[in-house]
Amino acid sequence: MTIADPILTRRPESRVWKKFRTHKSAMLGGVLVTFFVLIALLAPILPVPDPAATDWGAVRKPPTAAHPFGTDEIGRDVLARMIWGAQASLLAGVISVGIAVLLGVPLGIVAGYFGGWTDAIISRCTEALLAAPFLILAIALAAFLGPSLTNAMIAIGISATPIFIRLTRGQVLSVKAEDYVTSARAIGLPTPKILTRYIFPNVLPPVLVQATLTIATAIIAEASLSFLGLGQQPPAPSWGSMLNTAKNFLNQAPWMAMWPGIAIFLVVLGFNLLGDGLRDALDPREH
Amino acid sequence: MLSFILRRILIAIPTILLISVFVFSLQKLLPGDPVLAMAGEERDPEVLEYLREKYRLNDPIPVQYVTWVGNALQGDLGISLRTNQPVTELIAEKLPVTIQLAVMAILFALVIGIPAGILSAVKKGTVIDYIANIVALSGLSIPNFWLGIMLILLVSVRLNLLPASGYVPLSEDPVKSITTMLMPAFVLGTALAATLMRHTRSAMLGVLKSDYVRTARAKGLHERRVVLKHAFRNALTPIVTLTALLFGELIAGAVLTEQIFTIPGFGKLVVDAVFNRDYAVVQGIVLVTAVGFIVMNLLADVAYVLLNPRLRSA
């Protein structure tokens, strides 16, 4: 028994890629994201000083040839800390969104597909979690779990989960009514097979778009938590915690505050552009 | 109308109950004996036993929850371990500060976001639209605490125009109070303005395509009148709803903004509480913001119906 599967044929994918490729701002987003991912991956082999090495002879020195981004309040190289900080930011973004997707998508599928009491319980919990502001929830969780980068990622991941539950549920509700799902059920395909083969592939595109946009939010959230002292702990570098220190030396060493902010801005902009571009490319209404 | 409001309130009750379960279980996340965490440096067994009795930690967990909710309903959210003040009193004390910041920030957001959104919808596809979109997207991508730091550097440290931090109560010196709050409110407002602009733009784009706008144009009405009176009025409904939903973003933004500008508000209270392991205060704040958010949602729904005559009879 074969049923025409709109997702598995080649054409729609190449059409999406073609649309994405001609989307200038999405490509710019892709370039920005790739740049920061490369920096984070290559941090161990890039020719920069040890990000934790202090030099009391070069405290708060403005940018020079030896330290292109200057040095911080205990003489550490700001460029090296920026590069290693990229790891913390991207990891936090990707892992926390990974947690949110892994928790949210299955719950959303279950709520949407089975309906009834399961749906009611999951949906009420989602609403309750959505009512607590994202950052307040993350702050509270980070506070009770204890401050560390790992706990910040868990906190951000849990706080972002309801968005994915709600999105997936809505998507499942509309896919469930499609003829091919009804016919799959009519020929007696087992539920797990219907879920993985027909429901899941249709849920994926909007989840992908939302995940890209949520990585942007998560990176800002991690920076915010680290800025408040609830994320990455010293001496390990993170852009947020670098800003936290930098705000005490604004007059003497403004460069300390400039670079981390610019980096957060660029990487978040990158993910936002990429997400917007993906949405346009995957939107069937715009073909 | 009244039955609609009542129905919305009834739906909100289970959500609030779930939130209270969640907030209550937060303290169960604490590793080890919560009393040790609460008592801090204190290790006197008598004190520990007193605390255990006081917070009914010897009771089964469901009983503890019911006691806690019962107290919360009577406005008792516990005692701050740091200041020994009731949590409700602390929150009530700090709330006006944050409300002033929030109101000024929303004003900034409305004044920037709505005209920018209308303009970019009307001029869709032109350079103006393009620039407005880039500015809005940048606004969404800039961490607002960094924007705050940079403004302090420029406006306070370099130009010496506005104070970098502090707070003057409105009742004490209104002019000074507003000028001190100007920079923080701007920082918080710009973040919201970007979201508001994008939503105004898409709401306007939808309305501008509709038949009655075409009719209004066909009647020969002046374009400004078409845009402002016919289109914007109808686009306003989703915008009002959204503004209420921005409450969460506003509170989260206030936490960081207050931290940067050392404003003694709600946000600073929660951060200080976290570092002082003042858990009752953290729980109280999560509960109050969540309930606040639900109330804002409720008001948004009511406003939505009021603004939309077609739904009024429902």
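Colleague: Which residue does Arg201(B) form a salt bridge with?
Modeller: Arg201(B) pairs with Asp129(B), and the closest N and O atoms are 2.9 Å apart. Keep in mind that this is a predicted model.

Colleague: Where do the two partners sit in the chain?
Modeller: They connect distant parts of it: Arg201(B) is in helix H8 (residues 174–208) of chain B and Asp129(B) in helix H6 (residues 127–141) of chain B, 72 residues apart.

Colleague: And is Arg201(B) buried or exposed?
Modeller: Arg201(B) counts as buried because its relative accessibility is 16%, under the 20% cut-off. Asp129(B) is buried too, with a relative accessible area of 5%.

Colleague: How many salt bridges turn up over all chains?
Modeller: A search of the whole structure gives eight. One of them is in chain A, where Asp119(A) forms a salt bridge with Arg169(A) and the closest N and O atoms are 2.6 Å apart. That pair also links distant parts of its chain, with Asp119(A) in helix H4 (residues 116–131) of chain A and Arg169(A) in helix H6 (residues 149–176) of chain A, 50 residues apart.

Colleague: What about accessibility for Asp119(A)?
Modeller: Asp119(A) counts as buried at 12% relative accessibility, whereas Arg169(A) is partly exposed, with a relative accessible area of 25%.

Colleague: What does Arg214(B) pair with?
Modeller: Arg214(B) forms a salt bridge with Asp211(B), with the closest N and O atoms 3.5 Å apart. Both residues lie in helix H9 (residues 211–218) of chain B, three residues apart, which is about one turn of the helix. Arg214(B) is exposed, with a relative accessible area of 53%, and Asp211(B) counts as exposed at 52% relative accessibility.

Colleague: Which residues are linked in a network of salt bridges?
Modeller: That would be Asp276(A), Arg279(A) and Arg198(B).

Colleague: Switching topic: what about backbone angles, which phi does Asn84(B) have?
Modeller: Asn84(B) has a positive phi of about 65°, although it is not a glycine. Most residues other than glycine have a negative phi, so I would look at that spot on the screen.

Colleague: Where is Asn84(B) found?
Modeller: Asn84(B) is in the loop between helix H4 (61–73) and helix H5 (87–122) of chain B, and it counts as exposed at 60% relative accessibility. Thr262(B) is another non-glycine residue with a positive phi, about 40°. Thr262(B) is found in the loop between helix H11 (247–260) and helix H12 (266–275) of chain B, and it is partly exposed, with a relative accessible area of 39%.

Colleague: Which residues form a nonpolar patch on the surface?
Modeller: The patch is made of Leu2(B), Leu6(B), Ile9(B), Leu10(B), Ile13(B) and Leu17(B), with about 600 Å² of accessible area together. Leu2(B) is in helix H1 (residues 2–26) of chain B and counts as exposed at 66% relative accessibility.

Colleague: Now the whole chains: how many helices and strands does chain A have?
Modeller: Chain A has ten helices and zero strands, and chain B has 14 helices and zero strands. The C-alpha atoms of chain A fill a box of roughly 75 × 45 × 30 Å along the principal axes, while the C-alpha trace of chain B spans about 85 × 55 × 35 Å.

Colleague: What share of chain A is made up of buried residues?
Modeller: Buried residues are 52% of the 287 residues in chain A and 46% of the 314 residues in chain B.

Colleague: Last one, how far apart are the charge centres?
Modeller: Chain A has 21 positive and 16 negative side chains, and the centres of the two sets lie 6 Å apart. In chain B, the mean positions of the 27 positive and 21 negative charges are 21 Å apart.

Methods:
Residues are numbered from 1 along each chain as its sequence is written. Chains are lettered from A and ligands numbered from 1 in the order in which they are written. This is a predicted model: local features need pLDDT of at least 70, side-chain atom pairs count only at pLDDT 80 or more; totals for chains, interfaces and linings use all residues. Side-chain values use heavy atoms; hydrogens and water are left out. Patches are made of residues with over 30% relative accessible area and no salt bridge: like charges are joined within 9 Å, nonpolar side chains (Val, Leu, Ile, Met, Phe, Trp, Tyr) within 5 Å. Accessible areas come from the Shrake-Rupley method with a 1.4 Å probe; for residues, only the protein chains shown count as cover. A salt bridge is a side-chain nitrogen of Lys or Arg within 4 Å of a carboxyl oxygen of Asp or Glu. Helices (H or I, at least four residues) and strands (E, at least two) are DSSP runs, numbered from the N terminus. Buried means under 20% relative accessible area, exposed over 50%, partly exposed in between (1.4 Å probe, protein chains only). Lys and Arg count as positive and Asp and Glu as negative; His and the chain ends are not counted. The place of a charge is taken as NZ of Lys, CZ of Arg, CG of Asp or CD of Glu.
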